[in-house]
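I opened this entry to get my bearings in a new structure. My notes follow in the order I looked things up.

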Amino acid sequence: MKNKSIYIFILCLLLLISPAALAFGNNSRAYTKSEKVVYADFFENIWNRLFYGLNKNAGGKPQKTSETDETGKNKGEGKENVFLSVSETGFLERCDVFQTAFPISPAEENIVPDEEEKVYLDDLYDKRAYLTFDDGVSANTEKILDVLKEYNIKASFFLTGDKYPEIVKRIADEGHSIGNHTYTHNYSIIYKNVEAFWEDYDKEEEFIINTTGQASVALRFPGGSNNSISKRYNDENIMYKITEQAKEKEIMYIDWNVSAGDASSTLTTKDSIVLSVLKGASGKKDVVVLMHQIANKTTTPEALPEIIEGLKEMGFEILPLTERSFCPRFIK
């Protein structure tokens, strides 16, 4: 009786091992997984046969495989794939014995794992501040980047023109957001008509993509979405037309709710910039701060350390803009 049990055990073992050994000896015949060919090794075949059994197609027959040779022609077409296969959902089909031993509920049967949910920093803080710098990059931009790096702060840069691509690349490489502020920033060109605006926008977008490898995160209209200067070159409804098209194109446009006051033609003092930002942020939960980076705005990077420290003392977390960010708009 004891010898008979041993013989039965050896026979079962041979039945399990032989197909796997055949696979191993035949260059590990392929099985499919999520529509991709995967080669099973000797021990994997044993494990899969123990716990999953053979996968059958809808007709109850073993699935057939079709391999191609170097010329692209099918070889071995119609051969039965006697090894492990995975259903189209990407889950292993368990054999009846295993299913009986470890049953799962119908609700769990067809569970497909969700894609990893993207986490936005914007959602993690109660008070958020977004520092934004408009216009063409310059030597000032590098000074701004140096301060931001010192404080480990990420900001957002709305670019105009195509100068200093190496600085633009640095902006992206250091983790700051990049926005589109049109190519020319010339009111007479961009607000001549709707088509002219998008042509100018597209030219700047092409520069941003070619330089950084990624599209802009948002659009900021020169003068803001409710600017009055556009009326000099078109009718009073042009900004409504352009903003509506931006929505149709699913382009996020953003204005601001705090201004540093550094846009004037005369040089604004450092203390005035600091005061404008901190006073403007007072009592707010979310702030988008408008500043400028062009060459003649030398006091803006000088004011930046006090602005950062002041906002932090007020409880703000300073973040780069994302599609999830607080988005003030003068024209909704």
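**Two spots around β7**

I began with T182, which sits in the loop between β7 and α7 (187-190). Helices (H or I, at least four residues) and strands (E, at least two) are DSSP runs, numbered from the N terminus. This is a predicted model: local features need pLDDT of at least 70, side-chain atom pairs count only at pLDDT 80 or more, and totals for chains, interfaces and linings use all residues. Residues are numbered from 1 along each chain as its sequence is written, and side-chain values use heavy atoms, with hydrogens and water left out.

Is T182 buried or exposed? T182 counts as buried, at 0% relative accessibility. Buried means under 20% relative accessible area, exposed over 50%, partly exposed in between (1.4 Å probe, protein chains only). I then listed what T182 touches, not counting residues up to four places away in sequence: L159, T160, G161, I190, F197, D200, E204 and P222. A contact here means heavy atoms within 4.5 Å.

Next I looked up N180, in strand β7 (residues 177-180). N180 is buried too, with a relative accessible area of 0%. A polar atom of its side chain lies 3.0 Å from the backbone oxygen of Y201. Leaving aside neighbours within four places in sequence, the contacts of N180 include F158, L159, E204, I208 and R220.

**Helix α9**

I moved on to α9 (residues 238-248), where I238, M239, I242, T243 and A246 are buried. Why do they lie on the same side of α9? They cover an arc of only 125° around the axis, so they share that side. The arc is that of the directions from the helix axis to the C-beta atoms. An α-helix has 3.6 residues a turn, so residues three or four places apart point the same way. The cover over the buried residues of α9 includes α8 (194-212). After α9 comes E250, with a positive phi near 60°.

I checked the second largest pocket and noted a volume of about 160 Å³. Of its 13 lining residues, D135, H185, Y187, A263 and H292 are the closest to its centre. A pocket is an open set of points on a 1 Å grid over the protein atoms alone, where a 1.4 Å probe fits, with protein on both sides within 12 Å along at least five of seven lines; lining residues have an atom within 4 Å of a point. The volume is the space filled by probe spheres set on the points.

**The whole chain**

Last, I noted 11 helices and 10 strands in the protein chain. Buried residues make up 41% of its 332 residues.

Definitions and conventions:
A polar contact is a pair of N or O atoms within 3.5 Å; within protein, one must be able to donate a hydrogen and the other to accept it, and residues adjacent in sequence count only if both atoms are side-chain atoms.
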